[in-house]
Amino acid sequence: MATPDTTPATVVYLVDDDPEVCESVAWLLGSIGVDPVVFNAADEFLAAYDGSHPACVILDVRMPRMSGTRLQEDLNAVAPHVAIIFVSAHGDIKMSVRTMQRGAIDFLEKPYEPQRLLDVVQEAMGRAKERFEDFRARTEVQQKVDSLTPREREILRLVVEGLPSQNIARRLSMSVKTVDVHRARIKAKTDADSISTLVRDVLRYGARIRE
């Protein structure tokens, strides 16, 4: 699983089609030692970001070609761990609520207090790291479950339901020894400390045990 020692550094991105805004915000962030990566279009950011590290995105709402809210939708599908801070001169309560419900960290109306932006960015950087670690752990557990054969997933599903080997054997019309062999293979394939540990991770991270 991901640990703080192995988590890549959080990168702050600034996505806004106004060069003057980008320059002023970059200067402001530089005052606290943050050097943002700037994009003037949402689709350019989406094409460049591969999801391999924690990201905090300061995102304008209205931009040509792709809006900030559309970018949020796309990121939620491919990189839901990204921490987004929306900024807009045209926002309203309905838009603010909708973006927050979809996972945004905050929604700031222009003009905003510089210190408020700095506070929110620092909070979002921490949240981005936590989200990334959780997302990577979820992905790892899902990949381990997906590596199992259909029969092994079937047995794991019953183990997750709380059935002991004897009950699983009766349910699947096989011997207890065969069930235990499958359990041993499941443990080996997933590199789990124990079946109980694997079950805990499956439940904790909501891994899907496909048919």
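Q72 touches I84, F86, T99, R102, G103 and A104, leaving out residues up to four places away in sequence; contact here means heavy atoms within 4.5 Å. Keep in mind that this is a predicted model, where local features need pLDDT of at least 70, side-chain atom pairs count only at pLDDT 80 or more, and totals for chains, interfaces and linings use all residues. Residues are numbered from 1 along each chain as its sequence is written, and side-chain values use heavy atoms, with hydrogens and water left out.

**More on Q72**
- You'll find Q72 in helix α3, residues 68-78; helices (H or I, at least four residues) and strands (E, at least two) are DSSP runs, numbered from the N terminus.
- Is Q72 buried or exposed? With a relative accessible area of 1%, Q72 is buried (buried means under 20% relative accessible area, exposed over 50%, partly exposed in between, using a 1.4 Å probe and protein chains only).
- Q72 sits 24 residues from S96 in sequence, and their C-alpha atoms are 13 Å apart in space.

**Domains**
- The domain assignment gives domain 1 (11-135) and domain 2 (148-205); such bounds come from an automatic or database assignment.
- Taken over C-alpha atoms, the centres of domain 1 and domain 2 are 42 Å apart.
- An unreviewed UniProt entry lists residues 141-206 as "domain: HTH luxR-type"; UniProt positions are given in the numbering used here, feature names are shortened, and annotations may be inferred rather than shown by experiment.
- Residues 141-206 are 77% helix and 0% strand, and the end C-alpha atoms of this span lie 9 Å apart.

**Nonpolar cores**
- In soluble globular proteins, nonpolar side chains tend to be buried together.
- A nonpolar core is a set of buried Ala, Val, Leu, Ile, Met, Phe, Trp, Tyr and Cys residues joined through side-chain atoms within 4.5 Å.
- The largest one here has 23 residues, and V145, I155, L156, I168, I186 and V202 touch the most other members.
- At least two residues of this core come from each of α5 (114-146), α6 (150-160), α7 (165-172), α8 (176-190) and α9 (195-205).
- Which helix gives the largest share of this core? That's α9, with five residues.
- There's also a second, separate core of 22 residues, with L28, V34, V120 and V121 among them.

**A closer look at α8**
- V179, H182, I186 and T190 are the buried residues of α8.
- Looking down the axis of α8, those buried residues fall within an arc of 60°, so they line one face of the helix (the arc is that of the directions from the helix axis to the C-beta atoms).
- K177 and A188 are exposed on the other side of α8.
- The cover over the buried residues of α8 includes α5, α6, α7 and α9.
- I186 is in contact with L148, E152, I155, L156, I195 and L198, leaving aside neighbours within four places in sequence.

- Most residues other than glycine have a negative phi, and most peptide bonds are trans.
- D191 follows α8 and has a positive phi of about 55° although it is not a glycine.
- D191 is exposed, with a relative accessible area of 64%.
- R65 has a positive phi too, near 70°, and lies in the loop between β3 (55-60) and α3.
- K110 and P111 are joined by a cis peptide bond, with omega about -5°.
- P111 is in the loop between β5 (106-109) and α5.
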